[in-house]
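Good morning, and thank you for coming. I ask you to look at the sequence and the model together while I speak.

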Amino acid sequence: MLKVQIFKGEIVPFTFKLSAESFCSKDFLDNGKFIGEIEISGETVNENENVVIRGKIKCCKEFNCDRCLALSTEKQIHDFEEEIDSAEIVENLFDIEELVRDTLIASQSIKNLCKVDCKGLCPVCGQNLNDGECSCERLSVDPRLAPLMNFKN
């Protein structure tokens, strides 16, 4: 559990470092996993009835690229901020584990790419086009439109 302290009228900093393996289960992400250490830092602010928890998550994700299938890693930094009800605070402590997990999941991109301009794989021979071009003819014409190739201007 990741419990942070909250005291009325005070700003209380917090820092956690934990293993990605212990924090994230195997089915945490659809494609990939977090590796190494997850660093969580931030502060709790309690003014009157408003309690705000804000912070930053630093982690590293390992995944297979969706275009070229190469194993890749990506360092990530995610900000979070949430206002909580003071009724949820028990003995000046609040568990932020669910907030951190939700932030990590919601912050993941839909498409995992090794680099922004990944060229992917050749659809004919399967070569990784990031490593160099192949000699395959990749122009494919829809067979229904092939007769149009015979027309000349």
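Predicted model: local features only at pLDDT ≥ 70, side-chain atom pairs only at ≥ 80, totals over all residues.

Let us begin with Leu145, which lies in the segment after H2. Helices and strands here are DSSP runs, numbered from the N terminus; a helix is H or I with at least four residues, and a strand is E with at least two. Residues are numbered from 1 along each chain as its sequence is written, and side-chain values use heavy atoms, with hydrogens and water left out.

Is Leu145 buried, exposed or partly exposed? Its relative accessible area is 46%, so Leu145 is partly exposed. The word buried means under 20% relative accessible area, exposed means over 50%, and partly exposed is in between, with a 1.4 Å probe and protein chains only. Leu145 belongs to a nonpolar surface patch together with Leu139, Val141, Leu148, Met149 and Phe151, and the accessible area of these residues together is about 670 Å². Areas of this kind come from the Shrake-Rupley method with a 1.4 Å probe, and for residues only the protein chains shown count as cover. A patch is made of residues with over 30% relative accessible area and no salt bridge; like charges are joined within 9 Å, and nonpolar side chains (Val, Leu, Ile, Met, Phe, Trp, Tyr) within 5 Å.

Cys118 is also found in the segment after H2. Because its relative accessibility is 5%, Cys118 counts as buried. Between Cys118 and Ile57 there are 61 residues in sequence and 27 Å in space, C-alpha to C-alpha.

I turn now to charge. On the surface, a patch of negative charge gathers Glu49, Glu82, Asp85, Glu88, Glu98 and Asp102. In this count Lys and Arg are positive and Asp and Glu negative, while His and the chain ends are not counted; the place of a charge is NZ of Lys, CZ of Arg, CG of Asp or CD of Glu. Which elements each supply at least two residues of the negative patch? They are strand S5 (71-85) and helix H2 (97-106). Glu98 is found in helix H2, and with 60% relative accessibility Glu98 counts as exposed.

Strand S5 also holds Ser72. At 9% relative accessibility, Ser72 counts as buried.

Finally, we come to the salt bridges. Side chains of opposite charge can pair when their charged atoms come close. A salt bridge is a side-chain nitrogen of Lys or Arg within 4 Å of a carboxyl oxygen of Asp or Glu. How many does a search of the whole structure find? The search finds six salt bridges. One of them joins Lys33 and Glu62, with the closest N and O atoms 3.9 Å apart. Lys33 lies in strand S3 (residues 33-47) and Glu62 in strand S4 (residues 50-64), so this pair ties together parts that are 29 residues apart in sequence.

Another salt bridge forms between the side chains of Asp79 and Lys56, at 3.2 Å from N to O. Because Asp79 lies in strand S5 and Lys56 in strand S4, the pair ties together parts that are 23 residues apart in sequence. Asp79 counts as exposed at 56% relative accessibility, whereas Lys56 is partly exposed at 33%.

Arg144 and Asp142 also meet through their side chains in a salt bridge, at 2.5 Å from N to O. Salt bridges that share partners join Glu43, Arg54 and Glu81 into one network.
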